[in-house]
There are 4 protein chains.
Amino acid sequence: MSTLLWQKEGVRVDERIQRFLAGNDIGDDRALFAYDLRASLAHAEGLANIGILRADEMAALRKELDALAQEWAAGSFVLDDRYEDGHSAIEARLVERLGDTGRRIHTGRSRNDQVLVATRLYLRDALATLHSQCKLIAAVALGRADADGALPLPGYTHLQRAVVSSAAMWWAAWAEAYIDDAQLAADTGRWVDANPLGSAAGYGVNLALDRAHTTQALGFSRQQVAATYAQLSRGKFELQALSALSQALLDLRRLAWDLSLYASAEFGFIALPAEYTTGSSLMPNKRNPDLVELLRASHAVVAGARVEIEQLLSLPSGYHRDLQFSKAPLLRAFSHGLDALALVPDLLERMQWRPEAMRAAVEPGMFATDRAIELAAGGVPFRDAYVLAAKDPLPSHGVDADASLAVRVSPGSGSNLELGVLRARLDGL
Amino acid sequence: MSTLLWQKEGVRVDERIQRFLAGNDIGDDRALFAYDLRASLAHAEGLANIGILRADEMAALRKELDALAQEWAAGSFVLDDRYEDGHSAIEARLVERLGDTGRRIHTGRSRNDQVLVATRLYLRDALATLHSQCKLIAAVALGRADADGALPLPGYTHLQRAVVSSAAMWWAAWAEAYIDDAQLAADTGRWVDANPLGSAAGYGVNLALDRAHTTQALGFSRQQVAATYAQLSRGKFELQALSALSQALLDLRRLAWDLSLYASAEFGFIALPAEYTTGSSLMPNKRNPDLVELLRASHAVVAGARVEIEQLLSLPSGYHRDLQFSKAPLLRAFSHGLDALALVPDLLERMQWRPEAMRAAVEPGMFATDRAIELAAGGVPFRDAYVLAAKDPLPSHGVDADASLAVRVSPGSGSNLELGVLRARLDGL
Amino acid sequence: MSTLLWQKEGVRVDERIQRFLAGNDIGDDRALFAYDLRASLAHAEGLANIGILRADEMAALRKELDALAQEWAAGSFVLDDRYEDGHSAIEARLVERLGDTGRRIHTGRSRNDQVLVATRLYLRDALATLHSQCKLIAAVALGRADADGALPLPGYTHLQRAVVSSAAMWWAAWAEAYIDDAQLAADTGRWVDANPLGSAAGYGVNLALDRAHTTQALGFSRQQVAATYAQLSRGKFELQALSALSQALLDLRRLAWDLSLYASAEFGFIALPAEYTTGSSLMPNKRNPDLVELLRASHAVVAGARVEIEQLLSLPSGYHRDLQFSKAPLLRAFSHGLDALALVPDLLERMQWRPEAMRAAVEPGMFATDRAIELAAGGVPFRDAYVLAAKDPLPSHGVDADASLAVRVSPGSGSNLELGVLRARLDGL
Amino acid sequence: MSTLLWQKEGVRVDERIQRFLAGNDIGDDRALFAYDLRASLAHAEGLANIGILRADEMAALRKELDALAQEWAAGSFVLDDRYEDGHSAIEARLVERLGDTGRRIHTGRSRNDQVLVATRLYLRDALATLHSQCKLIAAVALGRADADGALPLPGYTHLQRAVVSSAAMWWAAWAEAYIDDAQLAADTGRWVDANPLGSAAGYGVNLALDRAHTTQALGFSRQQVAATYAQLSRGKFELQALSALSQALLDLRRLAWDLSLYASAEFGFIALPAEYTTGSSLMPNKRNPDLVELLRASHAVVAGARVEIEQLLSLPSGYHRDLQFSKAPLLRAFSHGLDALALVPDLLERMQWRPEAMRAAVEPGMFATDRAIELAAGGVPFRDAYVLAAKDPLPSHGVDADASLAVRVSPGSGSNLELGVLRARLDGL
């Protein structure tokens, strides 16, 4: 066999392997560390309940876990490269302080168990945050639908001016979108709310673990009953959580598209708050909507993360190290996605319409549909109604956009009636 | 300007454009035609309720729509290239039979309205089918968990033999997976169960449409209140339905992986029913698990469809023709995915274990974890327990897989107790 | 075991399985049939060369294969559900006409061999078509860059008016984009131009097949040497071909975005040829750019297809039936993608600028960058130059867009010089 | 308007926006910093060539840029949160040391210009590394094909034992795979090897920039001629580079699948080097192939990155801030992917076969194909040959795997002849 470059390097090969195996686990585990501590305590309590840990051992473990949680929250405990990952850090600390008692907390649980339960707790919290963020966006949109009312806005199809719409209709659409997204976040939160702790390496253990206790202590609404399924749900639950997040960001992508167009010189329908644009030292009148563009781009991060995880899950049952790679994209997508959504309520609240430009964009042809329906509703034969409207597009109210909107106060038009329905749904979430 | 090749072709350019615009709409619309008819009837009733259609007009429309629905169901009406799409076919028929009355059914609704509501009804049915298919798979798996019980099966991690598992644990995992999938299908069905009909081109109409009637007549549990949101939900709801389908097929991918490995000569744990394999004229003993492989591959169809739709949805609000391309991947994915899932119950029901191979694969080392836990639970210092177990891996019951499984009748082990929990959840779906 | 619904259905279960196994193979194989015939002839010749087929057998096979190819080209032979797939159709025909000689053509080749070589020939042709389509688009764009010259067009960043650009700069960008795409299609065509025929089931055969002959007869530039690699390249080569196609359609997506915006009332920079828009019976002035929107959406089809295939390729080496599912997305994507690209040259050739709207959109502030550079180049301290330009944005040529463009005839500005470089590259492709 | 939570927070809103805008730019720019410095120097030289910078200014800039490059390489200059991004860091340094001269380097170039050219230089280097890594893997595989020769290995189809293969055939497959991948990396490197510097904000500048100089100084083989195309190529070139990387990792995914299966107790064909596995404190005989699994999973990172970028590129022409998000996935994918590939040569070099297990897995039925071909080649009617072989599968050489492989020394079988062809191709890369 030929002598190759790396053969000279001896030890370095090993380092490369170790570094590759570790990846960015330590960095990622910062997002999970508090959950790991909580779940460790619950597991210890369960062991105490079935007599594996003595009362004094339990008390000692509780004290140390509580202390570590406090140090972590206060920033005085730092998770860094001294540890392989978050789990090792907890173990190292407990053993350092408690010796063999520190090790006994691992009785009947595996590293996979720990990752699963910490990630599950993270997912639950992330979805709860998503839920409240979507509700907040919907609330702002509803508030502005009320406030901005029947201010005329061109209704586009194919990006061509089609019929008269209004600021209220536009706001109501986003309100309903984010009500649905909030609902989805809540549904998904319930769907993943199952306790995997106690499944060990995926095949149970020869101990009557008190899973009822850990389920209750960690606030789960149900257990994952089949140990082997707990492993199978890794990645699966992450994907569904990302699907919920993705919907909120897909809506944001479309909302940001509207804002980007409306803020252009050509449309000119809105002015963005100054903090949300970046200026140009050269062109004082130019305000670039950088933030709106990054909000639009944010869905891509989640879409990429979904594919990254989905590609991993072509595996037989049982744990495979491949699954470790589901952690980074999950955390990256939620961290980025929730940061993006957090900026939206204020942006929407403070965005300003430019009524004169909006009214100027309402052309006579945009009343033709109203006219045709008016005629047809009045008994004119359908085909004739459309021929007449094409020739003379003005309905009885003429080219009065406000009158047109008033006439169209009907279901689906974003009138006060429907805003009430939306508000009731939002309040019920 | 230079003379180019196609300029000679004159009329053919137009044909190419028309063909490109039409795509495979007619083929796709076959899946939606019955829904379009139902929604057309509900819309007509709504128009009659608000006085746009006279009673005699309504009666005539109802008669023709019913007749067409019956002909369609019976196969005597064929949707083919004579029509641009399904909507045109309905219109052509109604106008042919009823003249201007046939046209009046379109008062206050747009083509987009029609596509939206027909697709929504399709989604609801497709998710209901997915729900029942997942329940059926879960039922078969639970039945076999009961029947096959504590038959030992190696429990793998990293595809390495790790600890003793059982047929029941394996079956219980798939049962719980498909219970979750059934739950998700139901949740998603509820989430999309909103009536878009009445939103016209996305900006409402100047008619007080009876949306409460169409909502009730079509069995929707709520309206999409904001007309502009109805358009925004196109693609969005499709994606979420595909996400639910995707989960069932991701689980199938992993299940099929197990079957593919277990059916190999090297593992040899199962025999597949003969119909699910294809033979070789040359090697009588070779049975290729083609069907299992195609089931494994089926998730890819859904994953592709999701991306196809997701890529479209980078658009401002309002209708854009891009959205037409959301139809084909949706229909393709559900048609394929539900066909795949429909084959699973019988396959699982009739798959046979090869107990001797399973027992032969249980090696002494696989008892070491049990031994260590036994020692640690008995008070041996943790580290000593593991050192002892590594040296002598045999727990008190020795290398008796059945005894090992019996001892491990604890939460998470797939015991009778947990099967009851799963059965109760399944029954409650 | 419980009695389940489908057990009553007996034979029908088998039919479902057979239907699932077949999928739409027959439909898909229509795109590959001519290639399969060509490759079958080459294989037969190779067998004759090594003495496996006698001269009279070879003559008979050649006669029948030629006849079938002619019937296929003429439309008198139809590939339909009488056959399992295209390969079976060829075999059935040869055996019907030639008996055992018809069967002998399969000596030393497998079904997988046939699929591989037919798909490879298809890929090569599809990439050649892509190459020439991209060249044609580039040629039209270059021609229009010449013809439309320095017509001013606002240059946008962040969709905000930034500096003066020109029609020529815009056209030159698309010309260079499609020159790169043509280059990529050619590179990719060379990369996949390897003969897989002769690899049998992936492990070679005990015959000295004349692979040099089939390679030469089918016009391949090299063999796939390792039999096992021929199988590994299935899907792999398809993905790379789709990546090349994807680039041409990503550029089309961005081009269509420009056209969609420019055709809006707000921008108003272009008029699309009437055939490329669809009218509205109600609003005579409204021309919806449906086709442009479908061109924009076309990339999604290719993106979906890539993912569909990529998801399949998580497999050990060797043939697996999963790979069959790589066929449909490949054919769908190329069929759709090439249809879309075929419409582009005529659309671009006949699109018309609206110079008055373009000139009207050039605002004084858009000259500020030119002014600052003018000052800085003249020795004014950098910071002062920018402060001065922000106050008074007018360069020496004032608010004269044409003069601004003339001054900017420099590398990168789309001047005649660079068009010559692009033309030379295009001619060399 | 209602009072909302964040309104109390005042200034903090701004910080959140700034943080969101910055993202992880500083971290990402570390990978690009050296390239930015090189390109800055080339740009300055170009400005000097056309008289914008005086000789003394040029000398001062060169001195500072060289000094900064050395400090960066030595680690004494740190890129951290003091700077917005890498570009700002360079500017800050130059202005600090040189005042207005430091600013003058920006004459005629934009921030986008800088990102584009630095990323392009990075891409070129990354593809060169990919090229050499693929060559190295191919070289190791070829070396082992020579060394391990005709050691019998079951050839699988559908994961069922089919015919006799050999270690050499298996190695040759991977060699040819990575030769193709190396070729693709080289082709792609040439395709992206175009200089974008000089395109300013995408519309050129009113200066006759010396683009020929920067092209030559930075070693590009061509310019991007059209300024507007330089912006359009952002993301586009990244995607193609990722496609090349993806192919190398897709092959690695399949290679790792083989290794994972072969290392299982059930197959037992290989022993992995100890450093590439992780042990279990409990089961001394268990060696988990963690690294092989992470190599298998690595393709997912690239697949996710591709989608992330692809999702961004639904935009009109011109720069949009969305494009900033193409940086992180590109760097993440190449960093991870190249790290993964770097581990492969040593792994393959030191992996050991277990000949006895390989030979034991060769069953009599696996000779049936050889037998049938032997009979058919000898003139036995085709159908009879197959019937005979099915009954008695033994060819003339009996159940001697080595003899079988010897007989199959034919094109495609991985014989010495073909290894020569592969070696010649590899040497020519």
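In this predicted model, 52 residues from chain A and 52 residues from chain D make up the contact between these two chains, where contact means heavy atoms within 4.5 Å. Chain C and chain D also meet, with 95 residues from chain C and 96 residues from chain D in the contact. Because the model is predicted, local features need pLDDT of at least 70 and side-chain atom pairs count only at pLDDT 80 or more, while totals for chains, interfaces and linings use all residues; side-chain values use heavy atoms, with hydrogens and water left out. Residues are numbered from 1 along each chain as its sequence is written, and chains are lettered from A in the order in which they are written.

**Chain A with chain D**

- About 4,800 Å² is buried between chain A and chain D, and carbon and sulfur atoms account for 69% of it; buried area is the accessible area (1.4 Å probe) that two parts lose on being put together, summed over both.
- There are four salt bridges between chain A and chain D, a salt bridge being a side-chain nitrogen of Lys or Arg within 4 Å of a carboxyl oxygen of Asp or Glu.
- One salt bridge joins D:Arg296 to A:Asp322, with the closest N and O atoms 2.8 Å apart.
- Eight residue pairs, both at pLDDT 80 or more, are in polar contact between chain A and chain D. A polar contact is a pair of N or O atoms within 3.5 Å; within protein, one must be able to donate a hydrogen and the other to accept it, and residues adjacent in sequence count only if both atoms are side-chain atoms.
- On the side of chain A that touches chain D, α12(A) gives the most, with 17 residues. Helices (H or I, at least four residues) are DSSP runs, numbered from the N terminus.
- That side of chain A divides by class into 27 nonpolar, eleven polar and 14 charged residues. Ala, Val, Leu, Ile, Met, Phe, Trp, Tyr, Cys and Pro count as nonpolar, Asp, Glu, Lys and Arg as charged, and the others, Gly among them, as polar.

**Chain C with chain D**

- Chain C and chain D bury about 8,300 Å² between them, 55% of it from carbon and sulfur atoms. C:Tyr203, C:Asn206 and C:Arg254 supply 11% of the area that chain C buries against chain D, more than any other three residues.
- Six salt bridges cross this interface of chain C and chain D; C:Asp181 forms one with D:Lys236, at 2.9 Å between the closest N and O atoms.
- Helix α11 (residues 236–262) of chain C gives 14 residues to the side that touches chain D, the most of any element.

**Individual residues**

- C:Asp187, in helix α8 (residues 167–191) of chain C, is buried at 13% relative accessibility. Buried means under 20% relative accessible area (1.4 Å probe, protein chains only).
- C:Asp187 touches D:Asp187 and D:Trp191, not counting residues up to four places away in sequence.
- B:His87 lies in helix α5 (residues 86–98) of chain B and is buried, with a relative accessible area of 6%.
- The side chain of B:His87 is in polar contact with the side chain of B:Asp36 (2.6 Å).

Conventions:
Helix = DSSP H or I, 4+ residues; strand = E, 2+ residues; numbered from the N terminus. Buried < 20%, exposed > 50% of the residue type's maximum accessible area, 1.4 Å probe, protein only.
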